[in-house]
Amino acid sequence: MKAEFTGIILAVAAVVVESVAQLLLKVGAAGGPAIIAPFYRRRVERLPGAASAKRWIGLGLLAYGLEILLYTLALHYLDVSVAFPLGSLCFVGVALLSSIFLGEAVGRIRWIGVSCILAGAICVTL
């Protein structure tokens with residue numbers, strides 16, 4: 001059970017990193033921090049190089065590299081039939097992060113879908 005728990009923690013960490021990677025790539029694709037919600041944009045713009053779209057894309061690619069490492073480690077401890085469905089939690093993470101940090105509107109139907117994904121991932125791990 002301990003090995004499986006380690007795998008689940010690694011898979012969830014991979015999902016968090018992948019969700020952040022998606023956000024970083026979105027900001028980079030948009031040309032920089034202008035799309036970030038104002039509350040967070042003021043803080044981010046203080047960072048050196050924050051205006052560089054290439055920097056955001058580079059950080060997104062680095063995050064994807066870390067995600068691959070974490071997911072590969074998770075596969076060491078988990079069956080693929082458990083790890084792969086846990087990867088769907090990225091949809092949950094991206095919906096949350098894009099809503100909070102980018103101010104994207106996530107409607108009720110989409111939140112219901114996200115809830116279904118979350119419930120399914122929980123069922124797979126039980």
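The model is predicted; local features need pLDDT of at least 70, side-chain atom pairs count only at pLDDT 80 or more, and totals for chains, interfaces and linings use all residues. Residues are numbered from 1 along each chain as its sequence is written, and side-chain values use heavy atoms, leaving out hydrogens and water.

The pLDDT (the predictor's confidence in each residue, from 0 to 100) averages 93 over the protein, and 99% of the residues score at least 70. Helices here are DSSP runs of H or I with at least four residues, numbered from the N terminus. Confidence is lowest in helix H2 (residues 38-44), with a mean of 90, and highest in helix H3 (residues 53-77), with 96.

Helix H1 spans residues 2-29 and contains Val-12. Val-12 is partly exposed, at a relative accessible area of 34%; buried means under 20%, exposed over 50%, and partly exposed in between (1.4 Å probe, protein chains only). Together with Val-16 and Val-20, Val-12 makes a nonpolar surface patch of about 200 Å². Such a patch joins nonpolar side chains within 5 Å, from residues with over 30% relative accessible area and no salt bridge.

Glu-18 is also in helix H1. Glu-18 is buried but has no salt bridge, that is, a side-chain nitrogen of Lys or Arg within 4 Å of a carboxyl oxygen of Asp or Glu. The nearest side chain of opposite charge to Glu-18 is Lys-26, 16 Å away.

Contact means heavy atoms within 4.5 Å. Not counting residues up to four places away in sequence, Glu-18 touches Tyr-64, Glu-67 and Cys-90. With the neighbours within four places left aside, Glu-67 is in contact with Ala-14, Val-17 and Glu-18.

Definitions and conventions
Helices (H or I, at least four residues) and strands (E, at least two) are DSSP runs, numbered from the N terminus. Patches are made of residues with over 30% relative accessible area and no salt bridge: like charges are joined within 9 Å, nonpolar side chains (Val, Leu, Ile, Met, Phe, Trp, Tyr) within 5 Å. Accessible areas come from the Shrake-Rupley method with a 1.4 Å probe; for residues, only the protein chains shown count as cover. Lys and Arg count as positive and Asp and Glu as negative; His and the chain ends are not counted.
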